[in-house]
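Subject: Handover of a structure and summary of findings

Dear colleague,

Please find below the structure that I am handing over to you. I should be grateful if you would look through it alongside the notes in this message.

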Amino acid sequence: MSETAASQRCELCQVVIEDRPGLPDVVTFSNGPQGSRSKLWSRVCQYVTDPERRRLCINQDSDGRGAEQPGDAFPDAPAIDLGKS
Ligand SMILES: [Zn+2]
């Protein structure tokens with residue numbers, strides 16, 4: 001059986017959401033590290049208040065995105081390279 005992974009693009013939020021059967025979806029932001037649907041929601045989608053625009057957003061379903069996780073709303077700390085000295 002082949003993988004049935006598919007990705008969807010949210011035209012409104014300018015992200016790509018990759019469906020991973022059995023695993024949490026991965027959201028690729030236009031910049032910065034990848035995240036989860038709940039992270040996308042806390043950073044972008046919850047600020048979409050206009051009903052017309054909300055219809056375009058593919059991350060408005062609370063069942064699909066799951067509960068908000070600690071840290072979702074905060075920017076990721078810059079990567080620190082500890083490997084070189
Ligand atoms: Zn969206």
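The notes below describe what was found in this structure.

**Basis of the values**

This is a predicted model, in which local features need pLDDT of at least 70 and side-chain atom pairs count only at pLDDT 80 or more, while totals for chains, interfaces and linings use all residues. Residues are numbered from 1 along each chain as its sequence is written, and side-chain values use heavy atoms, with hydrogens and water left out.

**Confidence**

The predictor's confidence in each residue is given as pLDDT, on a scale from 0 to 100. For the protein chain the mean pLDDT is 86, and 85% of the residues reach 70 or more. Among its elements, strand S3 has the highest confidence, at 96, and helix H3 (residues 62–65) the lowest, at a mean of 86. Where pLDDT is low, the predicted coordinates should not be read in detail.

**Overall arrangement**

The protein chain contains three helices and three strands. Read from the N terminus, the order of elements is β-β-β-α-α-α. Of the 85 residues in the protein chain, 26% are buried; buried means under 20% relative accessible area, exposed over 50%, and partly exposed in between, with a 1.4 Å probe and protein chains only.

**The sheet**

The three strands form an open antiparallel sheet in the order S1-S2-S3. Strands S1 (6–10) and S3 (26–28) are the edge strands; each has a single partner strand, so one side of each is left without a neighbour in the sheet. From one strand to the next, the twist averages 25 degrees, an angle taken between the N-to-C directions of lines fitted to C-alpha atoms, on a scale from 0 to 180 degrees.

Two strands count as paired if DSSP finds at least two bridges between them. S1 and S2 run antiparallel and are joined by five bridges, with Ser7 partnered by Glu18 in S2. S2 (residues 15–19) is in turn joined to S3 by three bridges, again antiparallel, and here Val16 stands opposite Thr28.

The hairpin of S1 and S2 has four residues between its strands. Gln14 lies in this loop and has a positive phi near 60 degrees, although it is a residue other than glycine. Most residues other than glycine have a negative phi. Gln14 is partly exposed, with a relative accessible area of 39%.

**The zinc site**

Which residues coordinate the zinc ion? The donors are the SG atoms of Cys10, Cys13 and Cys57, at 2.2 to 2.6 Å. Donors are N, O and S atoms within 2.8 Å of the metal (3.2 Å for Na, K and Ca), and water is not among the atoms, so sites may look incomplete. Along the sequence the donor residues follow the spacing C-x2-C-x43-C.

Cys10 and Cys13 are both buried, Cys10 having 0% relative accessibility. Cys45 is likewise buried, at 0%. Val48, in the loop between H1 and helix H2 (51–54), is buried at 10% relative accessibility. The C-alpha atoms of Val48 and Cys13 are separated by 9.1 Å, and the two residues are 35 apart along the chain. The structure has zero disulfides, a disulfide being a pair of cysteine sulfur atoms within 2.5 Å.

**Salt bridges**

Three salt bridges were found in the whole structure, each defined as a side-chain nitrogen of Lys or Arg within 4 Å of a carboxyl oxygen of Asp or Glu.

- Arg37 pairs with Asp25, their closest N and O atoms being 2.7 Å apart. Arg37 lies in helix H1 (residues 37–43) and Asp25 in the loop between S2 and S3, so the pair ties together parts that are 12 residues apart in sequence. Both Arg37 and Asp25 are buried.
- Glu52 pairs with Arg55, with 3.0 Å between the closest N and O atoms. Both Glu52 and Arg55 are exposed.
- Glu11 and Arg9 meet at 3.6 Å, N to O. Glu11 is partly exposed, at 49% relative accessible area, and Arg9 is partly exposed, at 42%.

With kind regards

Definitions and conventions. Helices (H or I, at least four residues) and strands (E, at least two) are DSSP runs, numbered from the N terminus.
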